[in-house]
Amino acid sequence: MKFDVITALLPSCDLDGSRPSCEEGWEQHGAKCYHFSSDKSTWEESRSECRGLGGDLVTIESREEQVFLLGRLRDKMDKPEDKFWIGLTDSEEENKWLWADGSPLDKSLTFWSFKEPDNWKGKNKKDGEDCVRMGEKNRADLRCWFDKDCRVPHRRICAKPTKTLKCV
């Protein structure tokens, strides 16, 4: 019985005797670690902050990842205005959406909100909207991506690969 209790407390190890891990302040899901900021900054500043932490703005690679992120954001959003930058932009060429790592957006795997992206220029705006934020606290579906002016301050989601630790 004592052995079972101790075994239950140990982190699970892969067959090769290792386990994925994230450092303090990061949350693990699959093979990635995520950091959700509490402060707000522009898209470029957010990207710089993520890089300073050893990652980058998140690249969303699956529906499962979108489900995970949206679930976590709902827990982390204090106000409906709490939105989070992700690593998607068309700042180099309009309507050519690229992730921060340079990979193109898979158009079969998008979570745009209704009528988005719209590149809304609004009153006194000439640049349009070239960066993407996500997060809708009271929304039931996954479609919560909005293109936004990159200069608007939002919170951010940073991501990086998990580290591999050896089990003892």
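A salt bridge is a side-chain nitrogen of Lys or Arg within 4 Å of a carboxyl oxygen of Asp or Glu. The model is predicted, so local features need pLDDT of at least 70 and side-chain atom pairs count only at pLDDT 80 or more, while totals for chains, interfaces and linings use all residues. Residues are numbered from 1 along each chain as its sequence is written, and side-chain values use heavy atoms, with hydrogens and water left out.

**Exercise 1. The contacts of lysine 160**

Task: Which residue forms a salt bridge with lysine 160, and over which ring does its charged end sit?

Solution. 
Step 1. Lysine 160 forms a salt bridge with glutamate 23, the closest N and O atoms being 2.9 Å apart.
Step 2. Lysine 160 is in strand β9 and glutamate 23 in the loop between β1 and β2, so the pair ties together parts 137 residues apart in sequence.
Step 3. Lysine 160 has a relative accessible area of 11% and is buried, whereas glutamate 23, with 35%, is partly exposed.
Step 4. The charged end of lysine 160 sits over the ring of tryptophan 26, 4.3 Å from its centre. A charge sits over a ring if NZ of Lys or CZ of Arg is within 6 Å of the ring centre and within 35 degrees of the ring normal.

**Exercise 2. Disulfides**

Task: How many disulfides are there, and which parts of the chain do they link?

Solution. 
Step 1. A disulfide is a pair of cysteine sulfur atoms within 2.5 Å. This rule gives 3 disulfides.
Step 2. Cysteine 22 is joined to cysteine 33 with an S to S distance of 2.0 Å. Cysteine 22 is in the loop between β1 (18-21) and β2 (27-29), and cysteine 33 is in strand β3, 11 residues apart. With -95° about the S-S bond, the link of cysteine 22 and cysteine 33 is left-handed.
Step 3. Cysteine 50 is joined to cysteine 158, S to S 2.0 Å. This pair links helix α2 (residues 43-52), which holds cysteine 50, with strand β9, which holds cysteine 158, 108 residues apart. The torsion about their S-S bond is about -80°, so the disulfide is left-handed.
Step 4. Cysteine 131 is joined to cysteine 150, S to S 2.0 Å. Cysteine 131 is in strand β7 and cysteine 150 in the loop between β8 (145-148) and β9, so parts 19 residues apart in sequence are tied together. The torsion is about 95°, so this disulfide is right-handed.

**Exercise 3. Cores and rings**

Task: Describe the largest nonpolar core and the ring pairs of tyrosine 34.

Solution. 
Step 1. A nonpolar core is a set of buried Ala, Val, Leu, Ile, Met, Phe, Trp, Tyr and Cys residues joined through side-chain atoms within 4.5 Å. The largest has 25 residues; those with the most contacts inside it include Ile60, Leu69 and Trp145.
Step 2. The largest share of this core, 4 residues, comes from α3. Apart from it lies another core of 10 residues, among them Cys22, Trp26, Trp43 and Cys150.
Step 3. Rings of Phe, Tyr and Trp (its six-membered ring) pair if their centres lie within 6.5 Å; planes under 30 degrees apart count as stacked, over 60 as edge-to-face and the rest as tilted. The structure holds 7 aromatic pairs.
Step 4. Tyrosine 34 and phenylalanine 36 have ring centres 6.4 Å apart and planes at 25°, so they are stacked. Tyrosine 34 and phenylalanine 68 form a tilted pair, 5.3 Å centre to centre with 45° between the planes.

Notes: Buried means under 20% relative accessible area, exposed over 50%, partly exposed in between (1.4 Å probe, protein chains only). Helices (H or I, at least four residues) and strands (E, at least two) are DSSP runs, numbered from the N terminus.
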